[in-house]
Amino acid sequence: MKRSLFGRIWPGATAVVLFLGLVFPVYWMFTTAFKDNKDIVSDTPVWFPTSPTFEHFEKAVDAEGFWTFVANSFITTVVAVLLSLVIALLASFAIARMRFRGRRSFILVMMMAQMAPWEVMVIAYYMIVRDADMLNSLPPLIAVYTLCVLPFTVLTLRGYVAAVPKELEESAMVDGCTRAQAFRRVIFPLLAPGLMATSLFGFITVWNEFPYVLILSKDPSAQTLPLWLTGFRSTFGDDWGATMAASSLFAVPILILFVFLQRKAVGGLTSGAVKG
């Protein structure tokens, strides 16, 4: 009886502990952003802001170049994710529906590219961008980010395309549709969860990326929020309230996107992982 009770309790207890361990740093970041300086430097932890203030957020927003970095981050992230989705959608359809020489090798290369750490390619990308005289600009960043998220996007969408019965496509073609029309009218609407999952992953990955922008962009006009955040910390020294406010602003777009895409994203990742 004791073993049975323990067996029912420990999975939930473990999940609660893990949840608290993951959520607590985020909670502390957001609450610190609203605390006044007295609560922040208090010898005893202050769990809730006693006198909530927006002063730290105002300082972060008014920092030099903030809106330029915000615009750069949104431009690079949105364009890179859209490009990767378009390319991966076509590639995944070809891999899932067509049989051609080198198909298995192509899939293996995609998997190897997905497993390779980004850092091993930094020097190669830097030399290419430098020789093309395109340092300190956004297009190289967009190209690099697109290449970085493309393998995962292709592999995930491949599984989701494979999950759509071929009979649906064949029926549409029997009714007079071309392959392209059958894809656009039948398959594409069914891929929404897969597209949500891959776009969410790509957005988070590109939005948080730091090493490439550090190496490829020395000009502040072509830098993104992760790099701005490190400079913001050094500029304001030990102003933890402003630092936490800046970090909170950096995390808000991802949280909003996740809230809206959560259900479809989870379904898309699951389907993409087990089909193919």
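Predicted model: local features only at pLDDT ≥ 70, side-chain atom pairs only at ≥ 80, totals over all residues.
Figure 1. By class, 13 nonpolar and 2 polar residues line the largest pocket, and no charged residue does. The volume of this pocket is about 310 Å³. The lining has 15 residues, and those closest to the pocket centre are Ala113, Met121, Tyr125, Leu147 and Cys148. Three helices each supply at least two lining residues: H5 (103–115), H7 (138–163) and H10. Helix H7 gives the largest share of the pocket lining, with 5 residues.

**Figure 2. Contact of helices H5 and H7.** Both helices also contribute to the lining of the largest pocket. The axes of H5 and H7 come within 8 Å and cross at roughly 130 degrees. Angles from 65 to 115 degrees count as roughly perpendicular and those over 145 as roughly antiparallel; H5 and H7 are therefore oblique to each other. Their crossing is left-handed. On the H5 side, the contact is made by Arg103, Ile107, Met110, Met111, Ala113 and Gln114. Their partners in H7 are Pro151, Phe152, Val154, Leu155 and Arg158. Sorted by class, the contact of H5 with H7 has 8 nonpolar residues, 1 polar residue and 2 charged residues. Ala113 of H5, a member of this contact, is also among the residues closest to the centre of the largest pocket.

**Figure 3. The largest cavity and its lining residues.** The count of cavities of 30 Å³ or more comes to 1. The largest cavity holds about 30 Å³ of space. Its lining is made up of Ser73, Thr76, Thr77, Tyr145, Val206, Trp207, Glu209 and Thr224. The elements that give two or more residues to this lining are helix H4 (66–97) and H10. Helix H4 provides the largest share, 3 residues. By class, the cavity lining divides into 3 nonpolar, 4 polar and 1 charged. The lining of the largest pocket, by contrast, has no charged residues.

**Figure 4. Contact of helices H8 and H9.** Helix H8 covers residues 166–174, and its axis comes within 9 Å of the axis of H9. The two axes cross at roughly 140 degrees, which makes H8 oblique to H9. The crossing of H8 and H9 is right-handed. Leu168, Glu169, Ala172 and Met173 are the H8 residues of the contact. In H9, the residues that meet them are Arg179, Ala182, Val186, Ile187 and Leu190. The contact of H8 with H9 consists of 7 nonpolar and 2 charged residues, with no polar residue.

**Figure 5. Surroundings of valine 186.** Valine 186 is placed in helix H9. Leaving aside residues up to four places away in sequence, valine 186 touches Leu168, Glu169, Ala172 and Gln181. Among these, Leu168, Glu169 and Ala172 belong to the H8 side of the contact with H9. Valine 186 and glutamate 169 are 17 residues apart along the chain, and their C-alpha atoms are separated by 6.6 Å.

**Figure 6. Packing of helices H9 and H10.** Helix H9 spans residues 179–190 and helix H10 spans residues 192–208. Their axes are 5 Å apart and form an angle of about 55 degrees. That angle makes H9 oblique to H10. Phe188, Pro189 and Leu190 in H9 meet Ala192, Pro193 and Leu195 in H10. By class, this contact has 6 nonpolar residues, with no polar and no charged ones.

Terms used
Residues numbered from 1 in each chain as written. Heavy atoms only, no water. Axes fitted to C-alpha atoms, helices over the stretch in contact; angles between N-to-C directions. Helix = DSSP H or I, 4+ residues; strand = E, 2+ residues; numbered from the N terminus. Parallel < 35°, antiparallel > 145°, perpendicular 65-115°, else oblique. Contact = heavy atoms within 4.5 Å. Nonpolar A, V, L, I, M, F, W, Y, C, P; charged D, E, K, R; others polar. Left-handed = near helix turned anticlockwise from the far one by under 90°. 1 Å grid on protein atoms, 1.4 Å probe; cavity = no way out; pocket = protein on both sides within 12 Å on 5 of 7 lines; lining within 4 Å. Points joined across faces, edges and corners; volume = space filled by probe spheres on them.
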